[in-house]
Structures are given as C-alpha cells and as structure tokens.
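I opened my notebook to keep track of what I looked up today. Here are my entries, in the order I wrote them.

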There are 2 protein chains.
Amino acid sequence: MTSAKIDGASIATQANVYFDGKCVSHSVTLADGTKKSVGVILPSQLTFNTGAPEIMECVAGSCEYKLAGESQWHTSGPGEKFSIGANTSFDIRVAQAYHYICHFG
Amino acid sequence: MTSAKIDGASIATQANVYFDGKCVSHSVTLADGTKKSVGVILPSQLTFNTGAPEIMECVAGSCEYKLAGESQWHTSGPGEKFSIGANTSFDIRVAQAYHYICHFG
C-alpha cells in the first residue's frame, strides 16, 4: 500500500524541474537522513539517468518504463515499484500523470 | 529570509497539478495542523481563484501578479510575499520558473 503522505519530513521548498516541467519533484529528507523525492511526470516520454540506485513507487496514475538494455516496456501502477541500478538510465513514458515517490540508495 | 526547507512536516505524495502542469504543488501539513503547499509555476499567465486567504512567498525565481480589480502588475521575487483574500482571484505571469510556498488561512 502506497503512502498518501510522508510524515516527519523536511521538505525542500524549491522544486526540481526537469525536461521543461514534464517532471517536477520536491526533495524530502526523513529524520534518519533518508532521502526521497515526491514528484509527478506529465504526459511525455523521457530518459532519466541515475546516480544512486532508485526505487520508483507509483502513488497515482501509471507509467510504462524500460530499463537500459531492455527492449520491452513494463507497466507500473498505484502501489507498484520498480528498481533502477546506480549509474544507468531508464526510459519512461506517461500517457496521463504519473505520481511517484522516488526512494534513493 | 525564505526557508530553503520546511521541517517536521507531513507531505502529500500525490501532486496537485493545475493548468496542464503549468503549476505543480505538493500539500504540506505542519505538526500543529497548519496547511501549506510548496510548488512551482512554469512560464505562463494564469488566473487562480482562492477559497481560504493565501500568502504566496517566493522561494526562487520571480513572478508578476495582479489582484482582482487591480490594473497594475507587481513583481515578487525571492523572500517576498503577497497576500490574497478569501474567495477572490489573482492573475500571475511567470517568465521563468516561480518557486513558492503558499501559506493558507
């Protein structure tokens, strides 16, 4: 079950804006130092590069994604997660808004 | 001085998407129940309607705004705030991204 909210968070007030606003997120730090972001991807097809490994958790809407080297798209909907390794990339395509929590590390 | 972050807060994981993504915000609730949102407006000219009174605080970037009934645009930059009454509207135009905290009530 996906969290409707994240409690006890420190929230960066300045948004992260990627791809001319097709992806907008806010960075969140938990009390234990864990970093996440909450964001939305609007209708588009985008390629993201990772630094740290990431887990993308769908909060609402859905997306299709394809990890580097994969030929097939996978669907991810509410409550579903997918993992991306460090220093790689993934393609994501969104037909409606895809709301997500990105868990780092 | 504008806060770079909001501590000890609960953040809604699903974004609020307005005007096809020209405005994206996340709702935030403080420990004492105070509600705010953190968001960004991308280049556009938009009209917002208020329910509760709002104070818009610029975190980064800038905007021009005009309250209902006003004929002149005002500029608001980092650290600056403007207030909007209950049940009215305001126009806002943004040439680059305008990052804000919206304080309600």
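I started with a definition: buried means under 20% relative accessible area, exposed means over 50%, and partly exposed is in between, using a 1.4 Å probe and protein chains only. I noted that this is a predicted model, where local features need pLDDT of at least 70, side-chain atom pairs count only at pLDDT 80 or more, and totals for chains, interfaces and linings use all residues. Residues are numbered from 1 along each chain as its sequence is written, chains are lettered from A and ligands numbered from 1 in the order in which they are written, and side-chain values use heavy atoms, with hydrogens and water left out.

I looked up B:Phe82 and got 3% relative accessibility, so B:Phe82 counts as buried. B:Tyr65 is buried too, at a relative accessible area of 12%.

**Entry: ring pairs**

I checked how ring pairs are defined: rings of Phe, Tyr and Trp (its six-membered ring) pair if their centres lie within 6.5 Å, and planes under 30 degrees apart count as stacked, over 60 as edge-to-face and the rest as tilted. Over all chains, I found twelve aromatic pairs. One of them joins A:Tyr98 and A:Tyr100, stacked at 5.8 Å centre to centre with 20° between the planes. A:Tyr98 has 0% relative accessibility, so A:Tyr98 is buried, and A:Tyr100 is buried with 4% relative accessible area.

Why is the pair of B:Tyr65 and B:Phe82 stacked? Their ring centres are 3.7 Å apart and their planes are at 5°, so I wrote it down as stacked. B:Tyr65 is in strand 7 (residues 63-67) of chain B and B:Phe82 in strand 9 (residues 81-84) of chain B, so this pair ties together parts 17 residues apart in sequence.

**Entry: strands of chain B**

I needed two more definitions here. Strands (E, at least two residues) are DSSP runs numbered from the N terminus, and two strands pair if DSSP finds at least two bridges between them. Chain B has an open sheet of four strands in the order 5-10-7-8, with antiparallel pairing. Which strands are at the edges? I found strand 5 (44-49) and strand 8 (74-76) of chain B, each pairing on one side only. Six bridges join strand 5 of chain B to strand 10 (residues 89-94) of chain B, and the two run antiparallel. B:Phe48 stands opposite B:Phe90 in strand 10 of chain B.
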